[in-house]
Amino acid sequence: MKEGKGMTLFALDLGNKQTKLQDEKGTWVAPSSLLNERELESFFSNGKLKDLDLYQISAEEDKYFWGKGILRYTQDQLTDTLGFEGRYNRAEYKRLAALSLARLAKGYPQAIDGVLKVNIVAGLPTGDYTMENIKAVINTLKRQYLVQVNNEPINVRVENVEILPQPIGTLYDLLLDEHGYLKQNNIENKRFAVADIGGGTVLLDQIISEENGFRFDTSNRTQSEAGANELYTRIAQKLNSRYGINSDIHLIEVSVRQGIKSKKFSYRQSSNNIIDMTEIVDTEIQYYSQRLVEMINSSFKNLSSVDELVLTGGGASIINQRLLDEQIINTKIRMTDNPELANVHGFYKYGLSQRLAKEG
């Protein structure tokens with residue numbers, strides 16, 4: 001990556017379910033769904049909504065609300081940016097990218113008073129890490145953007161883009177410190193297995209650290225569509241069957257995430273009708289975790305040769321890790337400190353390490 005003097009570094013993880021962004025000021029996370037302003041025209045005034053910003057890309061008529069507050073709305077009110085064939089060439093993905101850059105850039109005076117110049121590190125799932133997709137993402141990102149954020153113009157120009165395979169982000173997060181320096185020197189010839197449990201997919205990869213970097217073992221790789229969405233779908237089916245309702249998977253995901261620490265889960269239909277779904281969720285988490293164990297064991301037939309199995313991704317904090325510890329033997333299992341953010345943290349640390357290398 002080429003670093004210009006005074007160049008700002010952004011890291012992007014434009015995931016199917018969650019978008020994770022990082023710069024020098026910190027990390028920001030929001031669902032990868034947008035709320036078209038037209039959905040709210042008959043319900044709200046022009047006042048600012050809680051945890052939502054209003055965006056408009058130049059040359060587009062529609063305006064979109066985006067932010068953590070998206071979690072309050074049902075799936076049928078939202079515009080998805082996921083699940084499309086050819087995602088990286090579609091308008092929905094390009095719109096998410098533009099909003100992501102504007103969201104990061106709005107905290108910089110240069111983006112308001114002039115043009116903020118940035119370098120970007122982003123990632124792709126290993127199954128999508130092809131020259132065609134890499135070129136598509138670079139073509140999407142490497143340009144100048146003008147986006148209105150809460151009616152204030154934000155100008156960003158992307159100078160350079162580097163695209164990494166997604167699981168490499170997790171390893172960089174584990175192995176580099178917050179300044180981009182290597183934490184330890186004895187990582188050469190280590191074999192890492194990474195289980196990245198996202199919303200739409202589970203990515204299983206093995207990566208070997210060598211003198212000059214990392215090498216993927218492509219003979220030990222699986223990309224499955226059995227992401228955490230499968231868990232939420234099964235919970236919804238059981239809930240609907242038992243209580244005769246039509247539950248919203250989006251709201252189930254929110255409830256599961258909110259209840260994972262207390263181990264108590266409820267589904268809120270209204271303030272007067274709240275269903276305790278703890279038993280259903282516990283059963284389905286156990287079932288999903290067992291399926292994950294079987295997937296790991298069948299995909300990684302050489303686990304006795306693996307130094308560390310690293311669990312990462314937003315779904316990693318939901319699974320029953322004790323079950324994995326009991327049934328996956330002959331290798332050390334390690335959960336990243338913040339599995340949902342490990343990839344984007346690693347992308348950012350990688351960018352810092354490249355800057356250090358350039359500076360000698």
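Colleague: Which residue is the bridge partner of Ile-208 in strand 13?

Modeller: Arg-215 of strand 13 is the bridge partner of Ile-208. This is a predicted model, where local features need pLDDT of at least 70 and side-chain atom pairs count only at pLDDT 80 or more, while totals for chains, interfaces and linings use all residues. Residues are numbered from 1 along each chain as its sequence is written, and side-chain values use heavy atoms, with hydrogens and water left out.

Colleague: In what sense do strand 12 and strand 13 pair?

Modeller: Strand 12 (residues 202-210) pairs with strand 13 in the antiparallel sense, over eight bridges. Two strands pair if DSSP finds at least two bridges between them. Strands (E, at least two residues) and helices (H or I, at least four) are DSSP runs, numbered from the N terminus.

Colleague: What holds paired strands together, in general?

Modeller: Strands of a sheet pair through backbone hydrogen bonds, either parallel or antiparallel.

Colleague: What is the strand order in the open sheet of five strands?

Modeller: The order is 13-12-11-16-17, and the pairing is mixed. Strand 13 (213-224) and strand 17 (332-335) are the edge strands, each pairing on one side only. From one strand to the next, the twist averages 20 degrees; axes are lines fitted to C-alpha atoms, for helices over the stretch in contact, and angles run from 0 to 180 degrees between N-to-C directions.

Colleague: Which strands does helix 7 lie across?

Modeller: Helix 7 (residues 278-299) lies across strand 11 (191-197), strand 12, strand 13 and strand 16 (308-312). It runs at about 45 degrees to strand 12.

Colleague: Last one: at what angle do the axes of helix 5 and helix 6 cross?

Modeller: The axes of helix 5 (residues 228-243) and helix 6 (residues 249-259) cross at roughly 105 degrees and come within 9 Å. That makes helix 5 roughly perpendicular to helix 6. Angles of 65 to 115 degrees count as roughly perpendicular, under 35 as roughly parallel, over 145 as roughly antiparallel, and the rest as oblique.

Terms used. Contact means heavy atoms within 4.5 Å.
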